[in-house]
Amino acid sequence: MGRFKNKNRKPFVKQIAKKTPTVDHVTGDKIPKSLVFSRGKIPGPLRQLQMDLRKLMLPYTALKLKESKRNNLKDFVSLANGMMVTHFLILSKTDSAAYLRVAKMKHGPTLTFKIHKYSLAADIAQSQLRPRCPPDLFKNPPLIVLSGFGTGEEHLKLTTFIFQNIFPAIDINTVKLSSCQRIVLLNYDKETKLIDFRHYSIRLQPVGVSRRIRKFVQNHQVPDLRSLQDVSDFVTKAGYGSESEGDDEAATVNLSSDIGRVNRASTKSAVKLQEIGPRMTLQLVKIEEGLCTGGLLFNEYGNVDAKKSENEEEDEQESDEEEMDIDE
């Protein structure tokens with residue numbers, strides 16, 4: 001007997017995956033891409049820090065990178081060649097401390113940082129009264145600001161070069177302000193030789209208007225006026241913002257570009273930074289000439305043989321290293 005055709009059945013449509021661009025359509029420069037992974041066994045909090053770093057490096061990274069046993073660094077390099085990856089961020093853990101290595105493909109150099117302290121993005125959100133981290137915040141790469149690195153020392157110049165090129169460059173003449181939603185700040189303290197690593201979201205708020213008017217402009221929603229006698233009550237009832245709203249002249253900027261959905265002629269706004277994590281306190285301990293190997297260009301401890309390199313420790317553990325399978 002013939003089968004009845006289901007008229008409500010929807011046809012199957014295969015979704016075509018969007019290819020990630022490799023060249024900036026405005027500047028023509030190659031877009032930096034990264035892989036964030038770990039080597040060796042790391043504890044749960046450090047594993048969560050790895051996920052936070054992947055979100056920070058979005059959109060030009062593999063967020064759903066899966067790791068399993070038996071692979072070494074060569075397998076990561078082989079995968080990176082096919083994905084046009086330019087940088088590695090590698091987390092590892094020894095008995096004494098945790099380390100973060102930032103390596104440039106294919107021939108180095110590799111910067112090794114000792115992680116003195118770190119806070120996860122979830123911990124920072126729990127400490128805030130009104131945490132702000134919308135999903136579309138990670139559609140564009142963050143800006144990067146380096147402070148305190150201009151001391152003239154060669155190892156700091158190389159550190160500046162690596163971090164400046166780990167994110168795509170921007171053209172101030174063509175960049176859209178609506179795409180600048182995050183910022184990564186690295187501050188170097190020459191006395192302690194520590195680097196404060198912070199990650200913030202950027203938000204613009206109109207200045208010189210009441211709190212209710214500001215929320216009305218930002219939310220694009222019709223306010224509830226049922227309890228008011230006149231529209232002027234809505235404008236004047238809340239008064240003007242508190243002193244924490246950045247109304248002073250130093251915290252405000254005049255913007256004449258696109259902000260949000262509407263182009264405005266000239267809008268005076270306050271730039272708000274809210275930390276979204278992760279947060280780290282780093283110390284540069286060494287710089288290797290190649291990709292996680294080679295001669296030392298810089299060693300914080302002076303004597304090359306005074307401290308066993310982390311690279312040698314991991315070579316002993318290559319049999320326990322992790323294999324990677326990517327699922328984007």
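This passage walks through the overall make-up of the chain and then a few of its local features.

The model is a predicted one, so local features are reported at pLDDT of at least 70 and side-chain atom pairs at pLDDT 80 or more, while totals for chains, interfaces and linings take in all residues. Residues are numbered from 1 along each chain as its sequence is written, and side-chain values use heavy atoms, with hydrogens and water left out.

Of its 328 residues, 39% count as buried. Here buried means under 20% relative accessible area, exposed means over 50%, and partly exposed is what falls in between, using a 1.4 Å probe and protein chains only. As for contacts (heavy atoms within 4.5 Å), among those between residues at least 6 apart in sequence, 68% join residues at least 24 apart.

Buried residues in α1 include L46, L49, L53 and L56, along with D52 and R54. In helix α2 (residues 73-83), the buried ones are L73, F76, V77 and A80. Seen down the axis, these fall within an arc of 100°, so they line one face of α2; the arc is taken from the directions from the helix axis to the C-beta atoms. K74, S78 and G82 sit exposed on the other side. At the start of α2, a side-chain oxygen of N72 comes to within 3.1 Å of the backbone nitrogen of K74.

What about the inside? There are two cavities of 30 Å³ or more. A cavity is a set of points on a 1 Å grid over the protein atoms alone where a 1.4 Å probe fits but cannot get out, and lining residues have an atom within 4 Å of a point. Points are joined across faces, edges and corners, and volume is the space filled by probe spheres set on them. The largest cavity comes to about 80 Å³. Its lining includes L53, L56, M57, L89, V102 and I166, and α1 and β4 (98-104) each supply at least two of the lining residues.

I166 belongs to the loop between α4 (154-164) and β7 (182-189) and is buried, at 5% relative accessibility. Its contacts, leaving aside residues up to four places away in sequence, are P32, M57, H87, L89 and V102. H87, in strand β3 (residues 87-93), is buried too, with a relative accessible area of 2%.

A few backbone details stand out. Most residues other than glycine have a negative phi, and most peptide bonds are trans. M84, in the loop between α2 and β3, has a positive phi near 60° and is partly exposed at 38%. C292 also has a positive phi near 60°, but is buried at 2% relative accessibility. Cis peptide bonds run from M105 to K106, with omega near -5°, and between G108 and P109, with omega about 5°. K106 lies in the loop between β4 and β5 (110-119), and P109 is in the loop between β4 and β5 as well.

Definitions and conventions:
Helix = DSSP H or I, 4+ residues; strand = E, 2+ residues; numbered from the N terminus. Polar contact = N/O pair within 3.5 Å; in protein donor to acceptor, adjacent residues only side chain to side chain. 1 Å grid on protein atoms, 1.4 Å probe; cavity = no way out; pocket = protein on both sides within 12 Å on 5 of 7 lines; lining within 4 Å.
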